[in-house]
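User: Please take a close look at one helix-helix contact in this model. I would like its geometry and its residues set out in a connected account.

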Amino acid sequence: MSFDSRFGYNFDDLRDLAKKRLPKGLFEFVDRGAEDGAAIRNNHDAFGRISLYPRPLRDVSKRSQAITLFGRTQPLPFCLAPTGAAGLLWYQGEVATARAAAQAGIPYAMSTGSITSIEKVAEQAGGELWFQLYLFPDRAMSMQLVQRAKAAGYRTLVVTIDTTVSPNREHNYRNGFNIPLKLTRRNVWDVMTHPRWGAGVIGRYLATSGMPRFDNLPDALRRSMAADQRKTGLMPKNDSLTWDDLKQLRDLWEGTLIVKGIVHPDDACEAVRCGADGIVVSNHGGRVLDNAPATLDALPAIVDAVGDRTTVLFDSGIRRGSDIVKALALGADAVLVGRAAMWGTAVGGEAGAAHAISMLRDEVDRVMGFIGCARIDQISRASCFRPPVARVG
Ligand SMILES: Cc1cc2nc3c(=O)[nH]c(=O)nc-3n(C[C@H](O)[C@H](O)[C@H](O)COP(=O)(O)O)c2cc1C
């Protein structure tokens, strides 16, 4: 794992560098949330409301961040979240990011909405790969994709359930952002004024495989979505799905099943009832329902509701190692990191993603030292000054 000062010293440095490098439409696609950005603010503010007690004189000279997740030991308490279109940030960005994760010994979740195919990432990256699935109304189509992932060696399936309808991201319409990318009057200048990205990403795709597109989606679906993304959104419509669909998937999938996109304790219990091995407490980084509660606020009640019946993962709003520690303190077993790693990939491909991972690792290590915890299982609600009261509902 490498810290590289070219990429700066924290999340904001990485984001600033990414902002310079990427066309505005793409930068905003990653950076922003839905509508007015209320859920993003909620996530951010919730971390600010919790502080951690310094606890000196506890011999923390041998600190370890190792955890065991779904039976596998990993050296860090976080994983890389599924993020569609990472392949637009860097040429074959999914391979670059997955390699950085493999080097760090942590899982990388490959999104349904990836530009690079699940097979290519499995062949070229190695490491612990998870496959994230958006369930389609056409159940057979979903199962074909699951079979592809299984054949390619993926053993953990992350089913994202929070994208019931297409999220309203007005900045995408305003910037003319679409996948596959179309050069329009609105975005051609944007692309021309970012020549490094143009040559290094789009240029390389055009010279090899053509305009980048969602390589994992069945052709028919890709065509219908490409026709008018203002109406359909970037992901297929799936508002007819129910918990029974999840149950059926559980019956078909023998590997580890993680349900992502839970904010209410009753839904967490429903996922457990359907047989989920793990859940991700997530509001999708504020990208779906604007005005969703902060996931950090929602976490304690969910942890109390499910007890030890399932593994609780957490995401949305992680910018610092201290954010990771706060989520662990409130009961998460591990954390997923979205944009923090994406900015790394955007500025330096594999090296950039490795830098982002390394920054978070160092920050978690430092916080553990200050709060007197040498091991992750020593971090608890008692580490927090004024932890939030668990509320159900
Ligand atoms: C650009 C972008 C694309 C994303 N694509 C997906 C996706 O395809 N599937 C999914 O389950 N979550 C997706 N997410 C959500 C992430 O998995 C994760 O929940 C979120 O990024 C966590 O918040 P953070 O970015 O503040 O860390 C995406 C997030 C971003 C920023």
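Analyst: The account below begins with the basis of the model and then turns to the contact.

This is a predicted model, in which local features need pLDDT of at least 70, side-chain atom pairs count only at pLDDT 80 or more, and totals for chains, interfaces and linings use all residues. Residues are numbered from 1 along each chain as its sequence is written.

The chain holds 16 helices and 12 strands, taken as DSSP runs numbered from the N terminus (helices H or I, at least four residues; strands E, at least two). Two packed helices are described by the angle between their axes and the distance between the axes. For helix α3 (residues 38-49) and helix α14 (residues 295-306), the angle is about 65 degrees and the axes lie 7 Å apart. Axes here are lines fitted to C-alpha atoms, for helices over the stretch in contact, and angles run from 0 to 180 degrees between N-to-C directions. Helix α3 is therefore roughly perpendicular to α14, a label given to angles of 65 to 115 degrees, with under 35 roughly parallel, over 145 roughly antiparallel and the rest oblique.

From α3, the residues Asn-43, Ala-46 and Phe-47 meet Thr-295, Leu-296 and Asp-297 of α14; contact requires C-beta atoms, placed from the backbone, within 7 Å. By class, this contact of α3 with α14 comprises three nonpolar, two polar and one charged residues. Nonpolar covers Ala, Val, Leu, Ile, Met, Phe, Trp, Tyr, Cys and Pro, charged covers Asp, Glu, Lys and Arg, and the others, Gly among them, are polar.

As for the setting, among contacts in the chain between residues at least 6 apart in sequence, 73% join residues at least 24 apart. The C-alpha trace spans about 60 × 50 × 40 Å along its principal axes.

Definitions and conventions: Two residues are in contact if their C-beta atoms, placed from the backbone, lie within 7 Å.
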